[in-house]
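Let's take a friendly walk through a protein model, one piece at a time. Have the sequence and the 3D view ready as you read.

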Amino acid sequence: MVTRPTTRDAYGHLIEYDPEICPIRHVLDGIGDKWTIIVLTALKPGSMRFSELRRAISDISQRMLTVTLRKLERDGFLNRTVTPTIPARVDYELTDLGQSLVSNLAPLAEWALNHRDPIAKSRALYDAAAKD
């Protein structure tokens, strides 16, 4: 029996992949979920505490933010620094690799902002037609 490398998605589910078939899939799977790009973009200006990130991304749950931050740390996109105070202070900041990724994602984020209205209109028209 052949065993393939595995990784975990943003929800902790085990994913099997074959790097021989698609060598970039495991990297794209790691950054292609709903929250990763938003968290990376929020960290672009500089170091932030967990609570600051929660406020900056108001619709993310505490659990999902924790899962996303752990994944990003594991992949080398951010550093987590714990300052031993009471309560402990935890700061997150992008690594050079994370900064590199964010600079390449910036045009995509700008495109999304510039095109959100036509996309919303298209979705509304599609959904209305689907009801008929």
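Here is a short report on a helix, a sheet and a surface patch. Keep in mind that this is a predicted model.

## Helix H5 and its bend

Let's begin with helix H5, which covers residues 96–131. Follow its axis and you will come to a bend of about 55° at histidine 115. A proline, proline 118, follows within four residues of that bend.

Which residues of H5 are buried? They are Gly98, Leu101, Val102 and Leu105. The cover over these buried residues includes helix H1 (25–31), helix H2 (36–43) and strand S5 (89–94).

## A nonpolar patch

Leu108, Trp111 and Ile119 make a nonpolar patch of about 280 Å². Ile119 belongs to helix H5, and its relative accessible area is 30%, which means that this isoleucine counts as partly exposed.

## The sheet

Strand S5, part of the cover over the buried residues of H5, also has a place in an open sheet of three strands. The order is S3-S5-S4, with antiparallel pairing. Strands S3 (48–49) and S4 (78–83) stand at the edges with a single partner strand each, so one side of each has no neighbour in the sheet.

What holds such strands side by side? Strands of a sheet pair through backbone hydrogen bonds, and the pairing can be parallel or antiparallel. Here, S4 and S5 run antiparallel and are joined by six bridges.

Conventions. Residues are numbered from 1 along each chain as its sequence is written. This is a predicted model: local features need pLDDT of at least 70, side-chain atom pairs count only at pLDDT 80 or more; totals for chains, interfaces and linings use all residues. Side-chain values use heavy atoms; hydrogens and water are left out. Patches are made of residues with over 30% relative accessible area and no salt bridge: like charges are joined within 9 Å, nonpolar side chains (Val, Leu, Ile, Met, Phe, Trp, Tyr) within 5 Å. Accessible areas come from the Shrake-Rupley method with a 1.4 Å probe; for residues, only the protein chains shown count as cover. A salt bridge is a side-chain nitrogen of Lys or Arg within 4 Å of a carboxyl oxygen of Asp or Glu. Helices (H or I, at least four residues) and strands (E, at least two) are DSSP runs, numbered from the N terminus. Buried means under 20% relative accessible area, exposed over 50%, partly exposed in between (1.4 Å probe, protein chains only). The bend at a residue is the angle between axes fitted to the seven residues ending there and the seven starting there. Contact means heavy atoms within 4.5 Å. Two strands pair if DSSP finds at least two bridges between them.
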